[in-house]
Amino acid sequence: MQATVVLFVRRKHMRLNIATALPDSLADAPATALADELGGPTLFDLRRGNHPPLFVSVLLHGNEVSGWDALRGLLNEFRQISALLFLANLDAARDGVRALPGQVDFNRVWEGGHTAEAAVAAEVTARVASASPYLAVDIHNNTGRNPPYSVICRTDPRTLQFAGAFAGRALLASQPGGFQTRRFTRFCTAVTVEVGTPDDPDSTTRTTEFLTKLLASYPEAPRDTRNPGSLSLFETVARVTVTDGTEIEPAMQRFNFRRAPAGTALTRRGALSAQSADGTSIGGRYFTSDDGAAVLRRPTILAMYTRDLESARRDCLCYFLEPLDTKPDANPLRLSNA
């Protein structure tokens, strides 16, 4: 009972801290120490004159630490440009978890809600929108093995240029609702970068390399030396969730951003559900039950298949994708409600 009360107090009093300088001590602070160092979610407003700021957010999920590990190694460089830095779910980071027990997902509250997290997100959104950033970058880790990729909500040339500067793959996401990049796309160029698993040191390295590119090219997009048509673009067509009693199949990670053959078992046991962006149930198009396992009916490209059952329960098991070409849209906003 006592632990429950403590969690309630933490969440009830969550508020956004605003700071205009980066303490020197932050460079030595791991993600687990930030709650004690800063007290809660903190927006560092480091804007310089009328220069358009670069917005970077980390730790929307408390156990996804590669973004912070890269950012804290570049704090001196960020002091030299116009920037806004958001350090989000620090209580969850202190405990090394995606979110605290009973807490809503901090990356599902950016389009409204009545929680403390949604209130913080609304305040951050208002402040960032008023600052007119030239780019917003949200940094995440995956809970399963994936190649590095960007998540975008529009396919205009500038967004594709920033996405391609991070990796050779980009995912045009229409679901779930409420994630930060989806909201920020309404007022600036915005990308999420998925840098790898947090236990892989290359995740921090590739994040550092990307942020260094942005710092070097500020306030323009880095020049991509690859063939402009080499960006592989995919679109999410279904979000797959688990039901009680599901036993996942970790080996399915090998099909992230690859086409899994028909007959491949998505789970060892248990039923699944799949929804399109408009909420329509479409699981029957993609999988059936075979001896208690969910098995693909057709060849299907996966993304973000997680090896962590708790993450699958709190969010989703994976997404199904379809490939797209990278020709920019005449209307850059792909999401009708974005």
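Val295 lies in strand β15 (residues 293-296); helices (H or I, at least four residues) and strands (E, at least two) are DSSP runs, numbered from the N terminus. The model is predicted, so local features need pLDDT of at least 70 and side-chain atom pairs count only at pLDDT 80 or more, while totals for chains, interfaces and linings use all residues. Residues are numbered from 1 along each chain as its sequence is written, and side-chain values use heavy atoms, with hydrogens and water left out.

**Val295 and its surroundings**

- Val295 counts as buried because its relative accessibility is 9%; buried means under 20% relative accessible area, exposed over 50%, and partly exposed in between (1.4 Å probe, protein chains only).
- Leaving aside residues up to four places away in sequence, Val295 touches Gly263, Thr264, Ala265, Leu266, Tyr286, Phe287, Thr288 and Asp290, where contact means heavy atoms within 4.5 Å.
- Gly164 is 131 residues from Val295 along the chain, and the C-alpha atoms of the two are separated by 33 Å.

- Strand β8 (residues 190-194) runs antiparallel to β6, and 3 bridges join them; two strands pair if DSSP finds at least two bridges between them.
- Within this pairing, Tyr149 stands opposite Glu194 in β8.
- With strand β7 (residues 169-172), β6 pairs in the parallel sense over 3 bridges, and Val151 stands opposite Leu171 in β7.
- A right-handed β-α-β unit is made by β6, helix α7 (residues 157-166) and β7; a crossover is right-handed if, with the strands pointing away from the viewer, the path from the first strand over the helix to the second runs clockwise.

**The protein as a whole**

- The protein contains 11 helices and 17 strands.
- Its C-alpha trace spans about 60 × 60 × 35 Å along the principal axes.
- The radius of gyration is 20 Å, which agrees with the value near 20 Å for a compact globule of 338 residues; this radius is taken over C-alpha atoms, and the globule rule is 2.2 Å times the number of residues to the power 0.38.
- Of the 338 residues, 53% count as buried.
- Among contacts between residues at least 6 apart in sequence, 77% join residues at least 24 apart.
- The accessible surface comes to about 14400 Å², of which 48% belongs to carbon and sulfur atoms; accessible areas come from the Shrake-Rupley method with a 1.4 Å probe, and for residues only the protein chains shown count as cover.
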